[in-house]
2 protein chains.
Amino acid sequence: MDIRQRFARNLRAAREAKALSQEALAYEAGLDRTYISSLERGRYYASLKAIEKIAKVLELDPADLLRKDDEGSRKQ
Amino acid sequence: MDIRQRFARNLRAAREAKALSQEALAYEAGLDRTYISSLERGRYYASLKAIEKIAKVLELDPADLLRKDDEGSRKQ
DNA sequence: TTGTGACTTGGAGTCCGTT
DNA sequence: CAACGGACTCCAAGTCACA
């Protein structure tokens, strides 16, 4: 699976878990509304800069956004 | 700590653990030697595209390259 | 074997909108 | 609230010569 897709799914899941809209997340992360939308659709390879900002808002470690779905349950 | 630095250190450590030169890693990942050098110096925020290629060669999960030093030992 | 400055180009990321 | 498009800007991507 493409890492963009993995990231996209993790991002969407984490955002919805926080009950944030794309717009609210974008605003708090200092990114663009349409960019978050694009990321969740797997359009771009995000840079660490964007990943770091997003992870901060979602209160996650950046690595969590790259993790496979079945890896979260094994951690720690 | 800046995520670029975290990534840079993990990359260098993982590469040296595999006993690969920057040149050898670059070749196998289809990247330029000086680009690997730049990443290991924390010159810029790598994109998922580059991270994915590098992780593949180093036989790691991309998330491992973003992990804090003290997190690796706790995994699994 | 690696670091670095200088360079060009492609894509990350923004901003406007409509559906 | 989200998907999607076009037209931008700017930095990472990628290469080179040289130390």
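1. A salt bridge is taken here as a side-chain nitrogen of Lys or Arg within 4 Å of a carboxyl oxygen of Asp or Glu. By that rule A:R12, A:R15 and A:E40 are linked in a network of salt bridges.

2. On provenance: this is a predicted model, in which local features need pLDDT of at least 70 and side-chain atom pairs count only at pLDDT 80 or more, while totals for chains, interfaces and linings use all residues. Residues are numbered from 1 along each chain as its sequence is written, chains are lettered from A in the order in which they are written, and side-chain values use heavy atoms, with hydrogens and water left out.

3. Accessibility is classed as buried under 20% relative accessible area, exposed over 50% and partly exposed in between (1.4 Å probe, protein chains only). A:E40 counts as buried because its relative accessibility is 7%, whereas A:R12, at 33%, counts as partly exposed.

4. Chain B has salt bridges of its own. B:R67 pairs with B:D64, with the closest N and O atoms 1.9 Å apart, and both B:R67 and B:D64 are buried. B:D2 pairs with B:R4 at 3.2 Å; B:D2 is partly exposed at 24%, and B:R4 is partly exposed at 22%. Over all chains, the search finds twelve salt bridges.

5. How many salt bridges are there between chain A and chain B? The count is two. In one salt bridge, the side chains of A:R6 and B:D61 meet at 3.2 Å, N to O.

6. As for the interface as a whole, 22 residues of chain A are in contact (heavy atoms within 4.5 Å) with 21 residues of chain B. The two chains bury about 1,900 Å² between them, 60% of it on carbon and sulfur atoms; buried area is the accessible area (1.4 Å probe) that two parts lose on being put together, summed over both. A:I3, A:Y45 and A:L48 supply 31% of the area that chain A buries against chain B, more than any other three residues.
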